[in-house]
Amino acid sequence: MESVNKNFNNAHLDNKNSNYPTADTQSNTSSEEDKELPACERSLLQKIVRTGLITSKHDIEIQRRDPKSPLFSIKSFELLKLHPHLLKGVYEMGYNAPSKIQETALPLLLANPPQNLIAQSQSGTGKTAAFVLAMLSRVDPEFQYPQVVCLSPTYELAIQTGEVAAKMSTYCPNIRLRYAVRGEDVEKGSKIEEQIIVGTPGKVLDWATKYKFFDPKNIKVFVLDEADIMVDTQGHQDQSFRIRKLLPETCQMMFFSATYTEDVMRFANAIAPMSVIIRLKREEESLDNIRQYYVNCNNKEDKYNALVNIYGGVTIGQAMIFCQTKKMALWLVSQMVEQGHAVALLSGELTVQQRISVLDRFREGKEKVLVTTNVLSRGIDIEQVTIVINFDLPMTVTRDPDYDTYLHRIGRTGRFGKKGIAINLVSGSSDHFVLKQIEEHFSKPIECLNTDNADDMEKLGAED
Ligand SMILES: Nc1ncnc2c1ncn2[C@@H]1O[C@H](COP(=O)(O)OP(=O)(O)OP(=O)(O)O)[C@@H](O)[C@H]1O
């Protein structure tokens, strides 16, 4: 029998770049400034570029509905009494110990009788890995019909979840997964034999009700992922709820969200009543580990020269360069490419598939420099980036300092030992004024750097 990863014949895993939808996910290209990406795309790109866990200093907050049910946390995966093949898959993924959210979520998710769970923690804290492990553990591979349904807000996010399931179940050859996403079809009149369905709400609802490709009464686990994105998407809440109503009373509900707004909680309580609610406070970005500099420049050509000096002077790590407009980003990239530098450009007019491909290459180190606009200013955390350069300072439309964007561009979440360098290229008195305000706002010094001075440049490479 085939394992999960060998059985994604209804999806396009082999060539990420060939089948991603584009039309409805393209950004507006008409404006001069790139708009920020929609939440679902940000979430996807963040998953693509992330290479590790976001660890948290905070404690889990637990709101328990049923005081009789046991609640404990585990410090090792062994304590979960997983099937040995599943445990092997977990270790092979490099997960040595459970993350903070997993410590509390996993015993609950695997408990008998099954418990409903609502879990909220920021992206990157290990939610997907937690529910995928629970989904795989609950499957009975002896039976050839769907037992688990997992809903994701978009095609791409569903594929990401499926890929985690594929890896984790490498040694569980009898567990199989089916994608229920746009473009996938099941032969009319036939029944799905795979035990896990991962898909988008509309498609799953159609498969359950209109085509009856599977019997919802056999579903033991219902996962709703990225709930905050679901509530923002027209129709998803309603479709999810309609699916939920088809499921048996005993079905275990697992509800995951990166945020905890009123809308999300209303949705959560409708989907997963009588849940244990666990929350992990967001790890705030900070400038603590960042050395900040500014370089005096006369014009954009001067900025470019400064950049080339920095680029030549610092050989470690990777750099991200932020421009305020697409036009400026294009100009900068063309200059750098002309001089033979390997640079990548990420701007708003790219399709989802192009963005993924740019970020994949950057993450793999094929390009050392990524030039981007505000599309990436928020919520994308590329760990291996050691230098962030503000080719243009972040400003609001009224040309006031945009403190949030500054922090999001260069700040780091409290990951131990991650130092960074931020360099602001400033030209003209208004830039200087904005820089001064930024310095005062964060109460952190921004030092002057002369990129023509060898001693100054040496500072950049120094450890502290
Ligand atoms: N216990 C663990 N040990 C080490 N790495 C882990 C562990 N759990 C998850 N990871 C890794 O950490 C990263 C984030 O995990 P995961 O995708 O599960 O987080 P998430 O909270 O679901 O984030 P998102 O909301 O973006 O999906 C992934 O690269 C994942 O492989």
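Glu226 sits in the loop that connects strand E6 (221-224) to helix H7 (227-232); helices (H or I, at least four residues) and strands (E, at least two) are DSSP runs, numbered from the N terminus. Although Glu226 is not a glycine, its phi is positive, about 50°. You are looking at a predicted model, in which local features need pLDDT of at least 70, side-chain atom pairs count only at pLDDT 80 or more, and totals for chains, interfaces and linings use all residues. Residues are numbered from 1 along each chain as its sequence is written, and side-chain values use heavy atoms, with hydrogens and water left out.

Another backbone detail worth a look is the cis peptide bond between Asn112 and Pro113, with omega about -5°. Pro113 belongs to the loop between helix H3 (100-110) and strand E2 (117-120).

An unreviewed UniProt entry annotates residues 108-278 as "domain: Helicase ATP-binding"; UniProt positions are given in the numbering used here, feature names are shortened, and annotations may be inferred rather than shown by experiment. Over residues 108-278, the chain is 39% helix and 17% strand, and 10 Å separates the end C-alpha atoms.

Now let's turn to the ligand. Around the ligand there are 19 residues, of which Lys47, Tyr95, Ser123, Gly124 and Thr128 come nearest; a residue counts as near if one of its heavy atoms lies within 4 Å. Helix H4 (residues 127-138) gives the largest share of this shell, three residues. By class, the shell holds six nonpolar, nine polar and four charged residues; Ala, Val, Leu, Ile, Met, Phe, Trp, Tyr, Cys and Pro count as nonpolar, Asp, Glu, Lys and Arg as charged, and the others, Gly among them, as polar.

A side-chain N or O atom of Ser123 is 2.6 Å from an oxygen atom of the ligand. Backbone N or O atoms also take part: one of Lys127 lies 3.0 Å from a ligand oxygen atom, and one of Ala129 lies 3.0 Å from a ligand oxygen atom. The protein covers 85% of the 630 Å² of accessible area that the ligand has on its own (Shrake-Rupley method, 1.4 Å probe).

Finally, follow the open sheet of seven strands, whose order is E11-E12-E10-E13-E14-E9-E15, with parallel pairing; two strands pair if DSSP finds at least two bridges between them. Strand E11 (343-346) and strand E15 (446-448) stand at the edges with a single partner strand each, so one side of each has no neighbour in the sheet. Strand E9 (residues 290-296) pairs with E15 in the parallel sense over three bridges, and Tyr294 stands opposite Cys448 in E15.

Methods: A polar contact is a pair of N or O atoms within 3.5 Å; within protein, one must be able to donate a hydrogen and the other to accept it, and residues adjacent in sequence count only if both atoms are side-chain atoms.
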